[in-house]
Amino acid sequence: MRFSATVACLTACLASAEALSVFNGNARNTIATEDGIKVPGDSPLELCDGEHGDDIVKIESVDLIPNPPAPSGKELVIKASGIIFETIEQGAYVLLTVKYGLIQLVKTKADLCEQIGNVDLECPLEKGKMVITKSVDLPKEIPPGTYHVAADVYTANDKKITCLTASVKFNIGNGFFGNEL
């Protein structure tokens with residue numbers, strides 16, 4: 001679950017107010033989907049339903065290489081850029097839920113500042129533009145199936161930073177259940 005938490009927290013640091021542009025007719029680099037608004041770039045990330053005009057940060061793009069991620073024992077490269085509108089201090093937190101199909105694997109409140117240490121960042125996250133490139137090794141042992149991640153991110157004073165969701169499907173032909181047996 002460390003991978004899921006890392007990806008969720010990484011992207012939460014670059015959360016988006018891009019959805020606002022959809023409502024005011026100036027949408028660019030976002031795609032409305034059935035469940036939300038696609039985060040710009042090549043990743044499965046979407047903004048949660050609802051208003052994002054007051055989000056503290058705006059995602060400009062998130063790219064995963066490869067996308068979708070594959071449990072292959074190889075690396076996943078995460079490239080993200082965005083703008084932080086207010087400094088994010090100690091005490092910020094993530095309400096993280098991870099489901100495997102319909103089975104809830106994780107439901108936790110995590111310290112955002114602790115989690116972003118996994119991607120070589122630390123609090124406070126200062127106001128301004130941020131660009132991150134991070135490589136993580138995916139284990140071969142990820143069971144095949146669809147994983148759903150939801151991350152609601154807040155400041156220490158309960159002000160919304162963002163809310164993101166993602167669904168990733170790992171196929172049976174990869175990793176532990178693949179040809180390596």
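Biologist: Let's start with the overall layout. How many helices and strands does the protein have, and in what order do they come?

Modeller: Keep in mind that we're looking at a predicted model. The protein has three helices and 10 strands. Starting at the N terminus, the order reads α-α-β-β-β-β-β-β-β-α-β-β-β.

Biologist: What share of the residues is buried?

Modeller: Of the 181 residues, 46% count as buried. The accessible surface comes to about 9200 Å², and carbon and sulfur atoms account for 51% of that.

Biologist: And how do I read contacts against sequence? What share of them joins residues at least 24 apart?

Modeller: Take the contacts between residues at least 6 apart in sequence: 65% of those join residues at least 24 apart. For individual pairs, compare the separation along the chain with the C-alpha distance. Ala80 and Glu60 are 20 residues apart in sequence, and their C-alpha atoms are 7.6 Å apart. Val94 and Cys113 are 19 residues apart along the chain, with 9.6 Å between their C-alpha atoms.

Biologist: Where do Ala80 and Val94 sit, and are they buried or exposed?

Modeller: Ala80 belongs to strand E5, residues 75-84, and Val94 to strand E6, residues 93-100. The cut-off for buried is under 20% relative accessible area. Ala80 has 3%, so it is buried. Val94 has 0%, so it is buried too.

Biologist: What about a polar residue such as Thr162? Which side chain does it contact?

Modeller: Thr162 is in strand E10. Its relative accessibility is 0%, which means it counts as buried. The side chain of Thr162 makes a polar contact of 3.4 Å with the side chain of Asp55.

Biologist: Now pockets. How does one find empty space in a model?

Modeller: Rolling a probe the size of a water molecule over the atoms shows where empty space is left. Here, the second largest pocket holds about 150 Å³ of space.

Biologist: Which residues line the second largest pocket?

Modeller: The lining consists of Ser43, Pro44, Glu46, Asn67, His148, Val149, Thr165, Ala166 and Ser167. By class, that's three nonpolar, five polar and one charged. Strands E9 (145-154) and E10 (160-170) each supply at least two of the lining residues. E10 gives the most, with three.

Biologist: Asn67 is in that lining. What kind of peptide bond joins Asn67 and Pro68?

Modeller: For this one, read omega. The bond between Asn67 and Pro68 is cis, with omega about 5°. Pro68 is found in the loop between strand E4 (57-65) and E5. There's also a cis bond from Cys123 to Pro124, with omega near 0°. Pro124 is in the loop between helix H3 (112-115) and strand E8 (128-137).

Biologist: Moving on to phi, what is the value for Asp120, and where is that residue?

Modeller: Phi of Asp120 is near 60°, a positive value in a residue other than glycine. Asp120 is in the loop between H3 and E8. The cut-off for exposed is over 50%. Asp120 has a relative accessible area of 60%, so it is exposed.

Biologist: And what is phi for Asp158?

Modeller: Phi of Asp158 is near 65°, again positive in a residue other than glycine. Asp158 lies in the loop between E9 and E10. At 52% relative accessibility, Asp158 counts as exposed.

How values were computed: Residues are numbered from 1 along each chain as its sequence is written. This is a predicted model: local features need pLDDT of at least 70, side-chain atom pairs count only at pLDDT 80 or more; totals for chains, interfaces and linings use all residues. Side-chain values use heavy atoms; hydrogens and water are left out. On a 1 Å grid over the protein atoms alone, a cavity is a set of points where a 1.4 Å probe fits but cannot get out, and a pocket is an open set with protein on both sides within 12 Å along at least five of seven lines; lining residues have an atom within 4 Å of a point. Grid points are joined across faces, edges and corners, and a volume is the space filled by probe spheres set on the points. Helices (H or I, at least four residues) and strands (E, at least two) are DSSP runs, numbered from the N terminus. Ala, Val, Leu, Ile, Met, Phe, Trp, Tyr, Cys and Pro count as nonpolar, Asp, Glu, Lys and Arg as charged, and the others, Gly among them, as polar. Buried means under 20% relative accessible area, exposed over 50%, partly exposed in between (1.4 Å probe, protein chains only). A polar contact is a pair of N or O atoms within 3.5 Å; within protein, one must be able to donate a hydrogen and the other to accept it, and residues adjacent in sequence count only if both atoms are side-chain atoms. Contact means heavy atoms within 4.5 Å. Accessible areas come from the Shrake-Rupley method with a 1.4 Å probe; for residues, only the protein chains shown count as cover.
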